[in-house]
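Thanks for asking me to look this one over. My notes are below, as numbered points to read alongside the model.

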Amino acid sequence: ASLIGSPLLVRDDATVNFDWGHGSPSALIPSDNFSARWSRTLYFDGGDYRFSVRVDDGVRLWIDSDLIIDQWNTGAARLFEAYRTLSRGSHFVRVEYFEASEYALINLWWQRAESYPDWKGEYFSNRALLAPPQLVRNDYNIDFDWGNGAPDWNLPVDNFSVRWSRD
């Protein structure tokens, strides 16, 4: 879990969205006691952002040189969030992860903080509310009958889930 030495595996992952179960990222990596680091420079529109990471064991998240999530400890799957105001332009994002034993999971996502005057609806393309949501929108009421359809064109007709929240 120390991220010291040369990596056993280097690859380009488009997202940090992994559920390895009781396995690991590769046959080169043991299923327990491994660590990983992802880094990338990404463009953001200026504004307030919520960064979320769901993880089973430890995680650290930096935006530029700011450590915004520091949960470098063991634990079952849990969600951590941090808010940051970003200027328009490129920002360096770095994620470090360690898996101690048993289950291996990490999902990282972010979204620009927006106003939800009614109900904030987070729509997932799975039944377990696993991140990231496929759609986030303001819902005036929670009173839907989608019949044989889906709430939106980019969601499946079956086996989707929704989380509504409101202040």
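1. A salt bridge here is a side-chain nitrogen of Lys or Arg within 4 Å of a carboxyl oxygen of Asp or Glu. The structure holds eleven of them. One joins Arg40 and Asp12, whose closest N and O atoms are 2.1 Å apart. That pair links distant parts of the chain, with Arg40 in strand 2 and Asp12 in the segment before strand 1, 28 residues apart. Strands are DSSP runs (E, at least two residues), numbered from the N terminus.

2. A word on the source: this is a predicted model, in which local features need pLDDT of at least 70 and side-chain atom pairs count only at pLDDT 80 or more, while totals for chains, interfaces and linings use all residues. Residues are numbered from 1 along each chain as its sequence is written, and side-chain values use heavy atoms, with hydrogens and water left out.

3. How accessible are the two partners, Arg40 and Asp12? Arg40 is partly exposed at 31% relative accessible area, whereas Asp12 is exposed at 63%. The classes are buried (under 20% relative accessible area), exposed (over 50%) and partly exposed (in between), with a 1.4 Å probe and protein chains only.

4. Please also look at Glu96, which forms a salt bridge with Arg60 at 3.2 Å between the closest N and O atoms. Glu96 lies in strand 7 and Arg60 in strand 4 (residues 58-63), so the pair ties together parts 36 residues apart in sequence. Salt bridges with shared partners join Arg37, Arg60, Asp70, Arg94 and Glu96 into one network. Glu96 is buried, at 5%, and Arg60 is partly exposed, at 23%.

5. Two arginines of that network also sit over rings (CZ of Arg, or NZ of Lys, within 6 Å of the ring centre and within 35 degrees of the ring normal). Arg60 lies over the face of Trp72, 3.9 Å from the ring centre, and Arg94 over that of Trp62, at 3.6 Å.

6. On aromatic pairs, a search of the whole structure finds 16. Rings of Phe, Tyr and Trp (its six-membered ring) pair if their centres lie within 6.5 Å; planes under 30 degrees apart count as stacked, over 60 as edge-to-face and the rest as tilted. Phe18 and Trp20 are stacked, because their centres are 4.9 Å apart and their planes at 10°. Both are buried, Phe18 at 15% and Trp20 at 16%.

How values were computed. Helices (H or I, at least four residues) and strands (E, at least two) are DSSP runs, numbered from the N terminus.
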